[in-house]
Amino acid sequence: MRTAMACAQTLNNPLSSTPHLLPHKPEPIQLTQEEMKRVAAYRAADMVASGMVVGLGTGSTAAHFIDRLAELMHKGSLKGIIGIPTSLKTEAHAIKAGIPLSTLNSHPIVDISIDGADEVDPKFNLVKGRGGSLFREKMIEGASRKFVVIVDETKMVGCLGGSGLSVPVEIVPFSWKYTLSKIEKLFEDEIGFSARLRVDQEKPFETDNGNYIIEMFFEKGVSGDLNEVSDRLLRITGVIEHGMFLDMATNVVVAKNDGSVIILNKEEWEKMQIRGLRVLSVC
C-alpha cells in the first residue's frame with residue numbers, strides 16, 4: 001500500500017514515478033514526397049499577386065499549386081487572377097477549381113508561370129514533359145516574365161538525364177519510326193543511350209496536340225553543350241519539341257523532407273553553396 005508521503009511526492013513530481021512521461025527529444029520530421037510537393041507548391045503560391053496572368057503547370061506538383069491558388073482566390077486574398085493552362089488536364093482542373101482561364105492569344109505576356117519539373121540541374125536547366133505536356137508548357141512558360149519551378153529535393157540532379165529517367169521528345173505521328181531512327185543516330189556515340197516510343201495500354205501515347213512522345217534515356221546524363229544538343233534535335237524533321245527547358249527558369253522552390261523550403265534564384269544556385277541539398281547524381 002502506498003503511503004501518504006509517497007502520494008505527495010508523486011503529486012509534487014509526477015514524472016518521477018511515470019517513466020513514460022519523461023521528456024524526450026522529438027523525432028525529426030520526415031515528409032513524404034507528396035507532402036514535399038505540397039509544401040513547395042503552397043510556398044510558390046505566395047509569389048502570386050492580385051491581377052496577375054498566371055501560367056498553370058501540369059503534373060502532380062502543379063496540381064497542388066492550382067488547389068492553393070483557388071483557395072486563396074475564394075478567400076479573397078487574391079483577386080483578378082487569370083490562368084493560362086498548359087494542358088487539357090490542367091484546364092479541366094482549373095475550371096473545376098473556379099479559376100478564370102484564357103489563352104496566349106488573348107494574353108501573350110504571362111506575369112508568372114508556376115510548374116513542376118522532372119529534373120533541375122546546377123544551371124537551372126530542366127527536364128520537363130514526362131507527362132506529355134512539354135510543348136504547351138514550353139510555349140506558356142517561355143512567354144512568362146517569371147518562371148518559378150516547384151520541386152521536392154529528389155528532383156535536383158548533377159546534369160540533365162542524370163536521374164536515369166526519360167528525356168521526352170514530342171514528334172509527329174507520321175513515319176515515327178523514321179524519326180526515332182534519326183534520334184538514335186544523333187546519339188549513337190553516347191554510351192548507354194536508348195530511345196523508345198512511349199505507349200499507353202499497348203497503343204502509342206498521344207499528347208494534347210495529337211503527337212507522339214519518344215523517350216530518351218542517358219546512362220550518364222546528357223553530355224556536351226546542351227544548346228547544341230537542343231539545336232541538333234530540333235533540326236530533325238518530325239521533331240516538334242523536346243523536354244529540355246534551357247535557361248528558362250528564374251526561380252526554383254525546393255522542399256526538403258525535413259519540412260524546410262529553399263527558394264533559389266539562378267545566381268544563388270550556380271554558386272552551389274546550399275548545404276544539405278541532395279543531388280541525385282554528378283555527371
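## Glutamate 34 and its partner

Glutamate 34 has a relative accessibility of 36%, so it counts as partly exposed; here buried means under 20% relative accessible area, exposed over 50%, and partly exposed in between (1.4 Å probe, protein chains only). Its side chain meets that of lysine 37 in a salt bridge, at 3.9 Å from N to O. For a salt bridge, a side-chain nitrogen of Lys or Arg must lie within 4 Å of a carboxyl oxygen of Asp or Glu. Lysine 37, at 10% relative accessibility, counts as buried.

A word on the source: this is a predicted model, in which local features need pLDDT of at least 70 and side-chain atom pairs count only at pLDDT 80 or more, while totals for chains, interfaces and linings use all residues. Residues are numbered from 1 along each chain as its sequence is written, and side-chain values use heavy atoms, with hydrogens and water left out.

## Helix α2

Both residues of that pair belong to helix α2, three residues apart, or about one turn of the helix. Helices (H or I, at least four residues) and strands (E, at least two) are DSSP runs, numbered from the N terminus. In general, an α-helix has 3.6 residues a turn, so residues three or four places apart point the same way.

The buried residues of α2 are Met36, Lys37, Ala40, Ala41, Ala44 and Ala45. They pack against α3 (60-75), β3 (110-115), β6 (144-152) and β14 (251-255), where contact means heavy atoms within 4.5 Å.

## Other salt bridges

Across the whole structure, a search finds 12 salt bridges. One of them joins glutamate 137 to lysine 128, with the closest N and O atoms 3.5 Å apart; both of these residues are buried. Another links lysine 185 with glutamate 188 at 3.3 Å between the closest N and O atoms. Here lysine 185 is exposed at 53% relative accessibility, and glutamate 188 is partly exposed at 49%.

## Arginine 130

Now to the loop between β5 and α5 (134-142), where arginine 130 is found. This arginine 130 is buried, with a relative accessible area of 18%. Its side chain reaches the backbone oxygen of serine 166 at 2.5 Å. Not counting residues up to four places away in sequence, arginine 130 touches Asp118, Glu119, Ser163, Leu165, Ser166, Pro168 and Arg198.

Methods: Polar contact = N/O pair within 3.5 Å; in protein donor to acceptor, adjacent residues only side chain to side chain.
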